[in-house]
Amino acid sequence: MPVTSPPRAWAEIDLGAIRHNLNVVKQAAKGEYYMPVVKAAAYGHGLEQVCRTLDSEGIAFFGVANVGEARRISQAGCRTRPYILGPAFPEEREEIVLNGWRSFISTIEEAVHYNSLARLYGKTLPIHISVDTGMGRGGFLPDQLEELLSRLGELDSLYMEGLGAHLPCADEDREITLRQIARFEQMAARIREKLPLKYCHLANSAASLDYEIPSNNMCRPGLVLYGFSPIPSPWAAQLKPAMALFSRLTVARTLPEGHGISYGGTFVTDHPTRVATVGIGYADGYVRSLAHKGARVMVDGVSCPLLGRVTMDQIMVDVSRVPHPEPGMTVEIMGPNIPVTELAEKAGTISWEIFTGIGPRVPRHYIH
């Protein structure tokens with residue numbers, strides 16, 4: 001008879017919270033169109049499950065990183081088209097054309113290639129123009145737009161559906177962001193002299209909550225979709241975190257004074273200490289940089305500090321204040337008592353990296 005082992009670590013995903021958070025963004029941004037960003041497995045929450053949840057929420061596109069993610073959304077039966085936020089390799093463009101997926105151009109060479117493929121298959125391909133207002137990752141620069149506009153007549157199999165750019169500092173530097181918004185507005189106005197664009201999109205999570213962008217009519221919520229605001233905002237209190245991460249105690253022992261814990265012996269007990277091993281490590285996404293930074297877990301309602309270095313599959317914590325620590329007890333790694341922002345701050349990183357780093361061997365359990 002096969003034996004089913006309980007997971008050592010697992011994540012619980014509240015899909016209702018994700019729907020709720022999208023509606024919060026809609027109230028805050030008051031946009032016309034929305035593109036939920038679901039790249040990187042929906043920030044670790046599960047690509048197919050999140051897309052199926054939002055597919056009937058009246059959105060324009062799903063924002064993905066590459067053709068592989070676009071393919072998975074289509075295979076999941078979603079009606080909403082994927083929008084590929086990263087540049088496609090030349091050999092990927094044919095699949096984009098055949099499926100009518102959305103992508104962007106940031107060079108004349110891309111535009112010519114997409115046009116030739118669309119013409120080959122007798123299609124008119126909707127595509128978006130990417131402009132670079134300061135991100136430096138791709139897109140037409142202001143002085144490159146004229147060549148594109150002058151060659152529109154050659155691109156008769158492309159429908160220039162939209163215009164987009166990205167804000168790199170909306171959660172950090174308001175002055176830089178305002179300059180980039182002004183640059184985007186100038187470029188949008190020049191393009192609209194020749195093209196009746198349906199979509200203009202610059203607003204990421206931070207900009208959706210905190211900036212006025214006159215030409216922006218499509219918002220791209222990312223982190224806020226999963227329950228956290230990247231900036232202080234009155235709307236932050238209305239967001240609901242969608243993910244909680246748990247593990248279990250595997251063993252609990254009392255170690256004597258002077259006993260080393262974990263690799264390198266960087267932590268040594270200074271008194272007899274009740275120490276428990278927890279079945280999660282950096283291979284699961286509990287990052288190694290959390291060691292010696294005041295990180296903690298919750299066991300039976302008690303905050304228990306991390307001891308020593310994080311190992312690949314396990315961590316050790318001080319459970320001296322837990323009344324009866326026993327193997328199998330549930331441990332909150334991240335959740336109602338330990339928000340992702342706390343883990344990110346202690347690890348010296350960002351919430352995005354914590355979410356997307358939760359590994360594939362951590363099963364996701366969905367609450368509908």
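**Reading contacts, burial and backbone angles**

Visitor: Which residues does Tyr-263 touch, not counting residues up to four places away in sequence?
Guide: Contact means heavy atoms within 4.5 Å. Tyr-263 touches Arg-309 and Thr-311 on that count. This is a predicted model, where local features need pLDDT of at least 70, side-chain atom pairs count only at pLDDT 80 or more, and totals for chains, interfaces and linings use all residues. Residues are numbered from 1 along each chain as its sequence is written, and side-chain values use heavy atoms, leaving out hydrogens and water.

Visitor: Where does Tyr-263 lie, and is Tyr-263 buried or exposed?
Guide: Helices (H or I, at least four residues) and strands (E, at least two) are DSSP runs, numbered from the N terminus. Tyr-263 lies in the loop between strands β11 (260-261) and β12 (267-268). Buried means under 20% relative accessible area, exposed over 50%, and partly exposed in between (1.4 Å probe, protein chains only). Tyr-263 counts as exposed because its relative accessibility is 58%.

Visitor: At which residues does UniProt place the feature "active site"?
Guide: UniProt positions follow the numbering used here, with feature names shortened, and annotations may be inferred rather than shown by experiment. The record, an unreviewed entry, gives Lys-39 and Tyr-263. These two are spread over 225 residues of sequence and also in space, up to 34.8 Å between C-alpha atoms.

Visitor: What surrounds Lys-39?
Guide: Lys-39 sits in helix α2 and is partly exposed, with a relative accessible area of 28%. Leaving aside neighbours within four places in sequence, Lys-39 is in contact with Gly-63, Val-64, Ala-65, Glu-69 and Leu-85.

Visitor: What is the phi of Tyr-43, and what is that of His-292?
Guide: Most residues other than glycine have a negative phi. Tyr-43 has a positive phi of about 55°, and that of His-292 is near 60°. Tyr-43 belongs to helix α2 (residues 39-43) and is buried at 8% relative accessible area. His-292 is found in the loop between β13 (273-278) and β14 (296-299), and its 46% relative accessibility makes His-292 partly exposed.

Visitor: Which residues are buried in helix α10, and what covers them?
Guide: An α-helix has 3.6 residues a turn, so residues three or four places apart point the same way. In α10 (residues 340-347), the buried residues are Val-340, Glu-342, Leu-343, Ala-344 and Ala-347. Their cover includes β14, β17 (330-334) and α11 (351-356).
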